Amino acid sequence: MCTAAAYQTNDHYFGRNLDYDISYGEEVCITPRNFPFTFRHTSTINSHYAIIGIAYVPQLANTSTGEALDSTNSTTNPNEYPLYYDAINEKGLGIAGLNFVGNATYYQPIDGQDNITQFELIPWILSQCATIDEAKVLFSRINLTDTPFNNQLPVAELHWILSDTTGACVVVESVSNGLKIHDNPIGILTNNPPFDKQLLQLSNYQHLSAQDPENKFAPDIKFNTYSRGMGGIGLPGDLSSESRFAKAAFTKLNSLPTRDDELSSVSQFFHILGSVDQQNGCCDLGDHRYEHTLYTSCYNLEQGIFYYTTYNNHQISATKLHNADLNATTLTHHPIIETEQVNYLN
């Protein structure tokens, strides 16, 4: 399961917790403007916006056999294809895909529509769109298909959150009655239920604030506050997707950075998602498997900077998109740093 957020201070920030029990070897991945994006049911895009994010980078599969293609078939490294979990492009549009098991519905190709597979959605949108308004135009023509990447990687059941430098935020869900685009005024997304129901359940917490509660239970009886931090009393704290949605929304909408600068904003973003991160051992999936927060990502949409931490490394690492060769033809990717970095003072 996962939690994603869009957050604004002087700049706009976007990112997510990736909560799962195993890693697939995801890496920091930059797709330059001239890397050819191939698509299963539509034409290749040879020139596009540059993209940075977290991706698993497997070999491109032969669509008929599911086997890996021979790298001698092209001079542009056809063995590699970035399966992005979350990413932004050079124009400041960001997308993250979150588990939506049991509700996501994909379809067979339909004539007259842009037939895009689930794993192609992020590159399809980020390669062509600078804003959410532009993305909405593409979404109006998209039919999300159930084509797997290969025989070893089945179709993932996802929904997506998007944000851009205007502050706009939407959620996209392909469900049994079609593709739905929901405006997201909260700037938070978790997993199930569908987003409109997640939003509705926030009504249960509208009495909460950052201030100490006012006694409306029995105004004639004096109740003493016995602790600081009682303003949010009643806010859920378990690891379910509905509870994480409510807690992350309250935290994001009430939290403030300690200073007016980039690093304080980035730090605050990590604190927001840290309010709902998952600790290994607390979500038992059986068979000695435990869901935990594998990584947390944070993107500055204006500056094209990607920050991240991992479960075993709390030091923030960063990669600047605009420091890369954005006119290259091949992917740049490197493993995320998993070992804790400690600043020893003596």
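Strands here are DSSP runs of E with at least two residues, and helices are runs of H or I with at least four residues, both numbered from the N terminus. Two strands pair if DSSP finds at least two bridges between them.

A word on the source. This is a predicted model, in which local features need pLDDT of at least 70, side-chain atom pairs count only at pLDDT 80 or more, and totals for chains, interfaces and linings use all residues. Residues are numbered from 1 along each chain as its sequence is written, and side-chain values use heavy atoms, with hydrogens and water left out.

Now the whole protein. It has five helices and 18 strands. The C-alpha trace spans about 80 × 60 × 45 Å along its principal axes. The radius of gyration is 21 Å, which agrees with a compact globule, because 346 residues packed that way would give a value near 20 Å. That radius is taken over C-alpha atoms, and the globule rule is 2.2 Å times the number of residues to the power 0.38. Of the 346 residues, 51% count as buried, meaning under 20% relative accessible area with a 1.4 Å probe, protein chains only.

Back to the sheet. Strands of a sheet pair through backbone hydrogen bonds, either parallel or antiparallel. Ours is an open sheet of six strands in the order β12-β1-β2-β15-β16-β17, with antiparallel pairing. Its edge strands, β12 (188-189) and β17 (313-320), each pair on one side only.

Within that order, β1 (residues 2-8) and β2 (residues 12-20) pair over seven bridges, antiparallel. Alanine 4 has arginine 16 in β2 as its bridge partner.

What joins strand β15 to β16? Six bridges do, and β15 covers residues 292-300. Cysteine 298 has tyrosine 307 in β16 as its bridge partner. The hairpin of β15 and β16 has four residues between the strands, and in it glycine 304 takes a positive phi near 70 degrees.

On to β17: it pairs with β16 over five bridges, again antiparallel. A hairpin of two residues joins them.

Is β16 mostly covered or uncovered? It is mostly covered: six of the six residues in β16 (305-310) are buried. In a regular strand the side chains alternate between the two faces of the sheet. In β16, Ile305, Tyr307 and Thr309 point one way, while Phe306, Tyr308 and Thr310 point the other, and all are buried.

Terms used
Buried < 20%, exposed > 50% of the residue type's maximum accessible area, 1.4 Å probe, protein only.
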